[in-house]
Amino acid sequence: MNVGVLTGGGDCPGLNPVIRAVVRKGLKDFEYEFTGIRWGWKGLLEKDTCKLDLDGVSGILHVGGTILGTSRTNLFKIEGGPEKAVNSLKELKIDALVAIGGDDTLGVAKHLYEEFKIQVVGVPKTIDNDLSGTDYTFGFDTAVFIATEAIDRLHSTAASHERIMVVEVMGRSAGWIAIMSGIAGGADVIVTPEFPLTVEDICDLIEHRWARGKHFSVVCVSEGAKILWRSGEKKEVLASDEVDAFGNVKLGGVGSVLAREIKRITGREVRDTTLAYIQRGGSPTHRDRVLGTRYGVKAIEMVAKGEWGKMAALKGDDIVSVPLSMAVDTKHLVTKEWWELAQIFMG
Ligand code: F6P
């Protein structure tokens, strides 16, 4: 069997451990051949591939990004795209596909399976942790580790100057990175898309701290959170008018707008920092290396069993398989329980 492997969507730490595990397990126990598809679904349209063997996946476990490259290509938005991709699979003699990605990439995989009977299995990737059907995606732990360290560093400079520091983290529709790094780093206010706070609420929390002698604050905000005012006015902050192939807007900048508003209302000194792609780059944590490795091994076992249209997933401490539809049809958002835990430490 010739198994194609591709990585799609935004890169994240842990992609290489998955690729390595798929190939190592597949060579060892099933004697499969592997074709790496470059630049996600784009590589399938262009038949841009490489051979993946033992040597090719050596020395990549700790390396960030993806050795295959990635892109945000939506086959279903390209005229004749899906048919062309299906033909490429035939011409390249690829029998089965391991698609590693978030909701967009796995959404394409789901359609290829349902509409064209392509033999595909998925692996859940995203720093945002917003995929349903799994407890955690790989890449999230590394992003939280980086954001937590940033909050720690911002604390000491905030305290030294009696300043308010606003730190913007990623998280398009889900505030998981903000909640987890905010709890871990002891942020004084956490702002997520799921549990909106008005700018006046945020300032009240900061002033409450001031009143008890804490003359600094760290505010951790998800890029996807909206700016709200008690008047009912609302603002979504975008980095540009660009929309990607899946219709996603380009977020970024909510932290600096929020910082300006806090300064206007409190009159205090405020600074802002945006972590952006720093959260996506570099070496994966041990947890993402191990999770990625377990997902990769499971994915190739699913190929061997013919579990098409499914995705490797984490449930408790077990790696299981779930239908791709379970992963992509709804978003995994921050729950009330997590929000209540975070709130205990705010203000
Ligand atoms: O989906 C993951 C993510 O990192 C989001 O948090 C962020 O909004 C987006 O990707 C950025 O994507 P791009 O790489 O296209 O700028």
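Mentor: For relative accessible area, taken with a 1.4 Å probe and protein chains only, buried means under 20%, exposed over 50%, and partly exposed in between. The model is predicted, so local features need pLDDT of at least 70 and side-chain atom pairs pLDDT 80 or more, while totals for chains, interfaces and linings use all residues. Residues are numbered from 1 along each chain as its sequence is written, and side-chain values use heavy atoms, without hydrogens and water.

Glu31 counts as exposed because its relative accessibility is 70%. Its phi is positive, about 55°, although Glu31 is not a glycine. Most residues other than glycine have a negative phi. Glu31 sits in the loop that joins α1 (15-30) to β2 (33-37); helices (H or I, at least four residues) and strands (E, at least two) are DSSP runs numbered from the N terminus.

Ala276 is another non-glycine residue with a positive phi, here about 40°. With a relative accessible area of 23%, Ala276 is partly exposed. Its loop runs between β13 (270-274) and α9 (286-305).

Four strands make up an open parallel sheet, in the order β7-β8-β6-β13; two strands pair if DSSP finds at least two bridges between them. β7 (189-191) and β13 are the edge strands; each has a single partner, so one side of each lacks a neighbour in the sheet. From one strand to the next the twist averages 15°. β7 pairs with β8 (residues 217-222) in the parallel sense over 3 bridges, with Val189 opposite Val219 of β8. Axes are lines fitted to C-alpha atoms, for helices over the stretch in contact, and angles between N-to-C directions run from 0 to 180 degrees.

The ligand is surrounded by residues including Arg72, Asp128, Glu223, Lys250, Tyr277 and Arg280, each with a heavy atom within 4 Å. Polar contacts here are pairs of N or O atoms within 3.5 Å. An N or O atom in the side chain of Tyr277 is 2.4 Å from a ligand oxygen, one in Arg280 is 2.9 Å from a ligand oxygen, and a polar side-chain atom of Lys250 is 3.3 Å from a ligand oxygen. Taken alone, the ligand exposes 400 Å², of which the protein buries 81% (Shrake-Rupley method, 1.4 Å probe).

Note on methods
Polar contact = N/O pair within 3.5 Å; in protein donor to acceptor, adjacent residues only side chain to side chain.
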